Amino acid sequence: MTVKINDLKGCLFVFSAPSGTGKTTLAKRLCSDLEGMAHSVSYTTRAPREGEIEGVHYHFVDVPEFKDMIEQGEFLEWAVVHNNYYGTSRNKIQERLDNALDTILDIDTQGAAEIKRIMPGSVLIFIMPPSLEELKRRLFLRGTDSEETINKRLMRAEQEMQEAIHYDYIVVNEDFERALGDLKCIIRSEHLKTSRSSIELLKKHQ
Ligand code: 5GP
(Lines give C-alpha, C1' and ligand atoms only; values in the text may rest on other atoms or scores of the structure.)
Protein backbone atom coordinates (compact mmCIF):
# COMPACT_ATOMS: atom_id res chain seq x y z
CA MET A 1 0.00 0.00 0.00
CA THR A 2 1.35 3.43 -0.93
CA VAL A 3 0.27 6.59 0.85
CA LYS A 4 -0.36 9.74 -1.17
CA ILE A 5 -1.14 13.04 0.55
CA ASN A 6 -2.46 15.89 -1.60
CA ASP A 7 -2.88 19.54 -0.64
CA LEU A 8 -6.56 20.38 -1.06
CA LYS A 9 -6.18 24.13 -1.28
CA GLY A 10 -3.55 26.81 -0.89
CA CYS A 11 -3.11 28.55 2.47
CA LEU A 12 -3.63 32.21 3.11
CA PHE A 13 -1.00 33.57 5.50
CA VAL A 14 -1.81 36.97 6.91
CA PHE A 15 1.17 38.94 8.22
CA SER A 16 0.71 42.03 10.37
CA ALA A 17 3.39 44.04 12.09
CA PRO A 18 4.13 47.60 13.05
CA SER A 19 5.75 49.46 10.18
CA GLY A 20 9.53 48.91 10.24
CA THR A 21 9.43 45.45 11.85
CA GLY A 22 10.73 43.78 8.69
CA LYS A 23 7.65 41.88 7.60
CA THR A 24 7.99 42.85 3.94
CA THR A 25 11.61 41.63 3.83
CA LEU A 26 10.59 38.37 5.53
CA ALA A 27 7.68 37.90 3.11
CA LYS A 28 10.00 38.52 0.13
CA ARG A 29 12.45 35.87 1.33
CA LEU A 30 9.65 33.35 1.86
CA CYS A 31 8.40 33.95 -1.69
CA SER A 32 11.87 33.34 -3.14
CA ASP A 33 12.66 30.34 -0.90
CA LEU A 34 9.33 28.49 -1.00
CA GLU A 35 7.77 26.96 -4.09
CA GLY A 36 4.16 28.03 -4.73
CA MET A 37 4.34 31.04 -2.40
CA ALA A 38 3.50 34.56 -3.58
CA HIS A 39 2.88 37.91 -2.01
CA SER A 40 -0.40 39.67 -2.76
CA VAL A 41 -0.04 43.20 -4.15
CA SER A 42 -2.48 45.56 -2.39
CA TYR A 43 -4.12 48.71 -3.71
CA THR A 44 -3.39 51.97 -1.92
CA THR A 45 -4.12 55.67 -2.21
CA ARG A 46 -0.85 56.66 -0.53
CA ALA A 47 1.91 58.17 -2.67
CA PRO A 48 4.73 55.81 -3.72
CA ARG A 49 7.89 56.01 -1.60
CA GLU A 50 11.22 56.37 -3.31
CA GLY A 51 12.07 53.13 -5.12
CA GLU A 52 8.55 51.69 -4.96
CA ILE A 53 7.30 50.27 -8.23
CA GLU A 54 3.69 50.19 -9.44
CA GLY A 55 2.39 46.61 -9.48
CA VAL A 56 5.33 45.32 -7.44
CA HIS A 57 5.02 47.03 -4.06
CA TYR A 58 1.46 48.31 -4.49
CA HIS A 59 -1.07 49.28 -7.12
CA PHE A 60 -1.18 53.04 -6.61
CA VAL A 61 -4.62 54.54 -7.28
CA ASP A 62 -6.40 57.78 -6.38
CA VAL A 63 -9.27 58.07 -3.88
CA PRO A 64 -12.14 58.13 -6.46
CA GLU A 65 -10.70 55.02 -8.16
CA PHE A 66 -10.39 53.24 -4.81
CA LYS A 67 -13.96 54.15 -3.81
CA ASP A 68 -15.18 52.90 -7.16
CA MET A 69 -13.46 49.56 -6.52
CA ILE A 70 -15.15 49.34 -3.10
CA GLU A 71 -18.53 49.87 -4.75
CA GLN A 72 -17.80 47.20 -7.35
CA GLY A 73 -17.01 44.71 -4.54
CA GLU A 74 -13.47 44.20 -5.82
CA PHE A 75 -11.89 44.02 -2.36
CA LEU A 76 -11.75 41.03 -0.06
CA GLU A 77 -11.07 43.59 2.68
CA TRP A 78 -10.04 47.22 2.85
CA ALA A 79 -9.13 49.65 5.63
CA VAL A 80 -7.95 53.18 6.30
CA VAL A 81 -4.42 53.18 7.70
CA HIS A 82 -2.46 56.38 8.45
CA ASN A 83 -5.22 58.36 6.60
CA ASN A 84 -4.81 56.37 3.39
CA TYR A 85 -6.94 53.61 1.90
CA TYR A 86 -5.47 50.12 1.52
CA GLY A 87 -7.25 47.10 0.04
CA THR A 88 -6.75 43.47 -0.95
CA SER A 89 -8.04 42.46 -4.36
CA ARG A 90 -10.44 39.50 -4.24
CA ASN A 91 -10.00 37.77 -7.62
CA LYS A 92 -6.32 36.90 -7.70
CA ILE A 93 -6.33 35.44 -4.19
CA GLN A 94 -9.27 33.14 -4.80
CA GLU A 95 -7.69 31.92 -8.03
CA ARG A 96 -4.40 31.10 -6.25
CA LEU A 97 -6.08 29.29 -3.37
CA ASP A 98 -8.19 27.20 -5.76
CA ASN A 99 -4.98 26.19 -7.55
CA ALA A 100 -3.42 25.03 -4.24
CA LEU A 101 -0.98 27.96 -4.21
CA ASP A 102 -0.14 29.82 -1.00
CA THR A 103 -0.44 33.57 -0.60
CA ILE A 104 0.96 36.05 1.91
CA LEU A 105 -1.11 39.11 2.73
CA ASP A 106 0.79 41.95 4.37
CA ILE A 107 -2.06 43.88 5.97
CA ASP A 108 -2.94 45.82 9.11
CA THR A 109 -4.75 44.44 12.17
CA GLN A 110 -8.23 45.61 11.03
CA GLY A 111 -7.80 43.83 7.69
CA ALA A 112 -6.45 40.69 9.39
CA ALA A 113 -9.50 40.47 11.67
CA GLU A 114 -11.79 40.83 8.65
CA ILE A 115 -9.95 38.11 6.70
CA LYS A 116 -10.19 35.71 9.68
CA ARG A 117 -13.94 36.41 9.89
CA ILE A 118 -14.62 35.65 6.23
CA MET A 119 -11.93 32.98 5.77
CA PRO A 120 -11.54 31.12 9.08
CA GLY A 121 -8.95 28.79 7.54
CA SER A 122 -6.51 31.66 7.06
CA VAL A 123 -3.45 31.73 9.30
CA LEU A 124 -2.77 34.99 11.15
CA ILE A 125 0.85 35.70 12.06
CA PHE A 126 1.93 38.77 14.00
CA ILE A 127 5.54 39.82 13.49
CA MET A 128 6.73 41.57 16.62
CA PRO A 129 9.71 43.93 16.93
CA PRO A 130 12.00 43.07 19.86
CA SER A 131 11.21 46.46 21.45
CA LEU A 132 9.77 49.89 20.61
CA GLU A 133 13.26 51.39 20.96
CA GLU A 134 14.61 49.00 18.32
CA LEU A 135 11.64 49.77 16.06
CA LYS A 136 12.37 53.51 16.36
CA ARG A 137 16.02 52.87 15.48
CA ARG A 138 15.02 50.85 12.39
CA LEU A 139 12.53 53.47 11.20
CA PHE A 140 15.17 56.23 11.43
CA LEU A 141 17.68 53.98 9.70
CA ARG A 142 15.23 53.27 6.85
CA GLY A 143 15.21 57.02 6.21
CA THR A 144 11.95 57.04 4.21
CA ASP A 145 9.78 58.95 6.70
CA SER A 146 9.94 62.33 8.44
CA GLU A 147 10.35 62.47 12.23
CA GLU A 148 6.67 63.42 12.56
CA THR A 149 5.59 60.38 10.53
CA ILE A 150 7.93 58.12 12.52
CA ASN A 151 6.40 59.34 15.79
CA LYS A 152 2.91 58.64 14.42
CA ARG A 153 3.99 55.16 13.33
CA LEU A 154 5.44 54.46 16.79
CA MET A 155 2.22 55.52 18.51
CA ARG A 156 0.25 53.23 16.23
CA ALA A 157 2.81 50.43 16.76
CA GLU A 158 1.95 50.27 20.45
CA GLN A 159 -1.77 49.88 19.68
CA GLU A 160 -1.06 47.26 17.02
CA MET A 161 1.13 45.22 19.38
CA GLN A 162 -1.84 44.92 21.78
CA GLU A 163 -3.72 43.14 18.96
CA ALA A 164 -1.12 40.38 18.65
CA ILE A 165 -3.03 38.27 21.16
CA HIS A 166 -5.77 37.67 18.55
CA TYR A 167 -3.32 36.11 16.07
CA ASP A 168 -2.63 32.39 15.58
CA TYR A 169 1.15 32.87 15.90
CA ILE A 170 3.59 35.52 17.11
CA VAL A 171 7.09 35.68 15.65
CA VAL A 172 9.64 38.10 17.11
CA ASN A 173 11.95 39.57 14.49
CA GLU A 174 15.07 40.16 16.54
CA ASP A 175 17.30 37.97 14.42
CA PHE A 176 16.20 37.83 10.77
CA GLU A 177 17.31 34.25 10.02
CA ARG A 178 15.66 32.93 13.15
CA ALA A 179 12.37 34.72 12.40
CA LEU A 180 12.53 33.35 8.85
CA GLY A 181 13.06 29.83 10.23
CA ASP A 182 10.10 30.24 12.60
CA LEU A 183 7.88 31.32 9.70
CA LYS A 184 8.98 28.35 7.58
CA CYS A 185 8.10 26.00 10.48
CA ILE A 186 4.62 27.54 10.75
CA ILE A 187 4.03 27.26 7.01
CA ARG A 188 5.21 23.66 6.93
CA SER A 189 3.05 22.63 9.88
CA GLU A 190 -0.03 24.29 8.41
CA HIS A 191 0.46 22.15 5.30
CA LEU A 192 0.69 19.01 7.42
CA LYS A 193 -2.74 19.59 8.98
CA THR A 194 -5.22 16.86 8.13
CA SER A 195 -7.91 19.48 7.44
CA ARG A 196 -5.82 20.77 4.52
CA SER A 197 -5.06 17.42 2.91
CA SER A 198 -6.71 14.48 1.24
CA ILE A 199 -5.24 11.04 1.80
CA GLU A 200 -5.09 8.33 -0.84
CA LEU A 201 -4.13 4.80 0.07
CA LEU A 202 -3.06 3.20 -3.18
CA LYS A 203 -3.02 -0.58 -3.32
CA LYS A 204 0.01 -1.91 -5.14
CA HIS A 205 -0.75 -4.24 -8.05
CA GLN A 206 0.79 -7.65 -7.50
P1 5GP B 1 2.89 51.10 4.33
O2 5GP B 1 2.26 52.40 3.93
O3 5GP B 1 3.95 51.28 5.38
O4 5GP B 1 3.33 50.27 3.16
O5 5GP B 1 1.72 50.24 5.03
C6 5GP B 1 1.01 50.75 6.12
C7 5GP B 1 0.14 49.66 6.71
O8 5GP B 1 -0.89 49.28 5.80
C9 5GP B 1 0.88 48.38 7.06
O10 5GP B 1 0.46 47.96 8.35
C11 5GP B 1 0.42 47.40 6.00
O12 5GP B 1 0.43 46.07 6.47
C13 5GP B 1 -1.00 47.88 5.78
N14 5GP B 1 -1.56 47.41 4.50
C15 5GP B 1 -0.94 47.25 3.31
N16 5GP B 1 -1.77 46.76 2.39
C17 5GP B 1 -2.96 46.56 3.01
C18 5GP B 1 -4.23 46.05 2.59
O19 5GP B 1 -4.45 45.66 1.44
N20 5GP B 1 -5.21 46.02 3.53
C21 5GP B 1 -5.03 46.43 4.82
N22 5GP B 1 -6.06 46.32 5.66
N23 5GP B 1 -3.86 46.92 5.25
C24 5GP B 1 -2.83 46.99 4.36
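This is a predicted model: local features need pLDDT of at least 70, side-chain atom pairs count only at pLDDT 80 or more; totals for chains, interfaces and linings use all residues.
Residues are numbered from 1 along each chain as its sequence is written, and side-chain values use heavy atoms, with hydrogens and water left out.

So, strand 6. Which way does strand 6 pair with strand 7? Antiparallel, over 6 bridges, with strand 7 covering residues 84-89. When I say two strands pair, I mean DSSP finds at least two bridges between them. If you want one spot to look at, find valine 81, which stands opposite asparagine 84 in strand 7. The hairpin these two strands make has 2 residues between the strands, and histidine 82 takes a positive phi there, near 45°.

As a reminder, strands of a sheet pair through backbone hydrogen bonds, either parallel or antiparallel. The parallel example here is strand 4, residues 43-44, with strand 5, over 2 bridges. Threonine 44 has phenylalanine 60 of strand 5 as its bridge partner.

Patches are made of residues with over 30% relative accessible area and no salt bridge; like charges are joined within 9 Å, and nonpolar side chains (Val, Leu, Ile, Met, Phe, Trp, Tyr) within 5 Å. For charge, Lys and Arg count as positive and Asp and Glu as negative, with His and the chain ends not counted. The place of a charge is taken as NZ of Lys, CZ of Arg, CG of Asp or CD of Glu.

There's a negative patch made of Asp62, Glu65, Asp68, Glu71 and Glu74. Glutamate 65 sits in helix 2, residues 63-71, and glutamate 65 counts as partly exposed because its relative accessibility is 42%.

There's also a nonpolar patch: Met1, Val3, Ile5, Ile199 and Leu201, together about 550 Å² of accessible area. Those areas come from the Shrake-Rupley method with a 1.4 Å probe, and for residues only the protein chains shown count as cover. Strand 1 (2-7) and strand 11 (197-202) each supply at least two residues of that nonpolar patch. Isoleucine 5 is the strand 1 member I'd click on; at 53% relative accessibility, isoleucine 5 is exposed.

Last topic, salt bridges. That's a side-chain nitrogen of Lys or Arg within 4 Å of a carboxyl oxygen of Asp or Glu. How many does a search of the whole structure find? The count is 19.

Take arginine 29 with glutamate 177, where the closest N and O atoms are 3.5 Å apart. Arginine 29 lies in helix 1 (residues 23-33) and glutamate 177 in helix 7, so this pair ties together parts 148 residues apart in sequence. Both are partly exposed, arginine 29 at 29% and glutamate 177 at 47%. Helix 7 covers residues 176-191 and also holds glycine 181.

For a local pair, go to arginine 117 and glutamate 114, with closest N and O atoms 3.0 Å apart. They are 3 residues apart in helix 4 (residues 109-118), so about one helical turn separates them. Arginine 117 is exposed at 58%, while glutamate 114 is partly exposed at 28%.

Then there's lysine 193 with glutamate 190, at 3.2 Å, N to O. Is glutamate 190 buried or exposed? Buried, with a relative accessible area of 2%, whereas lysine 193 is partly exposed at 38%. And elsewhere, salt bridges that share partners join Arg46, Arg49, Glu52, Arg142, Asp145 and Arg153 into one network.

That's my tour; over to you.

Methods:
Helices (H or I, at least four residues) and strands (E, at least two) are DSSP runs, numbered from the N terminus. Buried means under 20% relative accessible area, exposed over 50%, partly exposed in between (1.4 Å probe, protein chains only).
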